[in-house]
Amino acid sequence: MDDKILILNGDSTQAIPLINSFHKSGYIIDVVCHSKYGYGSSSKYIKNKYNWKNTQKHDEYCTFLVSIIKNKQYLIVIPCDDDAATILSKYKDILLCYTQYVAPDYNIYTKGYDKHLLMALCQEK
């Protein structure tokens, strides 16, 4: 199998079981990391590791992701932290042109992510 998966924040502990499971299933796994040394990014099952330090610069991070995704043609992209989930939701229209993933529209995402907005929504219902 030559299908590739990109895991965002691959240096998190959440990435470890994903990396192991996808490797067992025969997928090629690449990760985007925030630091040189991390839990998941140290896995022997990772083929390529990309470093990106500042996920708070959303436009730049999206451009960085598009360049990787277009070049490598990933089957799917999986976020392992809030910043990655935010980017996948906020730039859904751009990123889904090059790969697959499931994320809510950004206006819905922000209502669930911000606990004050979520509580206000719950009180309305």
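Is Met119 buried, exposed or partly exposed? Met119 counts as partly exposed, because its relative accessibility is 48% (buried means under 20% relative accessible area, exposed over 50%, partly exposed in between, with a 1.4 Å probe and protein chains only). A few notes follow for anyone opening this structure for the first time.

1. Ground rules. This is a predicted model, where local features need pLDDT of at least 70, side-chain atom pairs count only at pLDDT 80 or more, and totals for chains, interfaces and linings use all residues. Residues are numbered from 1 along each chain as its sequence is written, and side-chain values use heavy atoms, with hydrogens and water left out.

2. Where Met119 sits. Look for Met119 in helix 6, residues 115–124 (helices are DSSP runs of H or I with at least four residues, strands are runs of E with at least two, and both are numbered from the N terminus). Met119 and Gly40 are 79 residues apart along the chain, and their C-alpha atoms are separated by 34 Å.

3. Helix 5 against helix 6. Helix 5 covers residues 106–113, and its axis lies 5 Å from that of helix 6, at an angle of about 95° (axes are lines fitted to C-alpha atoms, for helices over the stretch in contact, and angles run from 0 to 180 degrees between N-to-C directions). The two helices are therefore roughly perpendicular to each other (angles of 65 to 115 degrees get that label, under 35 is roughly parallel, over 145 roughly antiparallel, and the rest oblique). On the helix 5 side, Thr110, Lys111, Gly112 and Tyr113 meet Lys115, Leu117 and Leu118 of helix 6 (contact means heavy atoms within 4.5 Å). Sorted by type, the residues of this contact are three nonpolar, two polar and two charged (Ala, Val, Leu, Ile, Met, Phe, Trp, Tyr, Cys and Pro count as nonpolar, Asp, Glu, Lys and Arg as charged, and the others, Gly among them, as polar).

4. Helix 2 against helix 3. Here the axes of helix 2 (residues 58–72) and helix 3 (residues 82–90) come within 10 Å and cross at roughly 80°. That makes helix 2 roughly perpendicular to helix 3. Helix 2 brings His58, Tyr61 and Leu65 to the contact, while helix 3 brings Thr86, Ile87 and Lys90. The residues of this contact are three nonpolar, two polar and one charged.

5. The cores. How many residues does the largest nonpolar core have? It has 21 residues, and those with the most contacts inside it are Leu6, Leu8, Val32, Tyr61, Phe64, Leu65 and Leu95 (a nonpolar core is a set of buried Ala, Val, Leu, Ile, Met, Phe, Trp, Tyr and Cys residues joined through side-chain atoms within 4.5 Å). Strand 1 (4–8), helix 2 and helix 3 each supply at least two residues of this core, and helix 2 gives the most, with seven residues. Apart from this core lies another, of eleven residues, including Ile5, Cys33, Ile46 and Ile78.

6. Aromatic rings. There are five aromatic pairs (rings of Phe, Tyr and Trp, the last by its six-membered ring, pair if their centres lie within 6.5 Å; planes under 30 degrees apart count as stacked, over 60 as edge-to-face and the rest as tilted). One of them is Phe22 with Tyr27, edge-to-face at 5.8 Å centre to centre and 85° between the planes. Phe22 is buried, at a relative accessible area of 19%, whereas Tyr27 is partly exposed at 23%. The rings of Trp52 and Tyr61 have centres 5.9 Å apart and planes at 20°, so this pair is stacked. Trp52 is buried at 18%, and Tyr61 counts as buried at 1%.

7. Phe64. Trp52, Tyr61 and Phe64 form one aromatic cluster. Leaving aside neighbours within four places in sequence, Phe64 is in contact with Val32, Tyr50, Asn51 and Trp52.

8. Positive phi. Most residues other than glycine have a negative phi. Asn9, however, has a positive phi near 60°, in the loop between strand 1 and helix 1 (15–24). Asn9 counts as buried, at 9% relative accessibility. Gln73 also has a positive phi, of about 55°, and lies in the loop between helix 2 and strand 4 (76–79). Gln73 is exposed, with a relative accessible area of 63%.

9. Gly38 and Asn9. Gly38 is in the loop between strand 2 (28–33) and strand 3 (46–51) and counts as buried at 16% relative accessibility. Gly38 and Asn9 are 29 residues apart in sequence and 9.4 Å apart in space, C-alpha to C-alpha.
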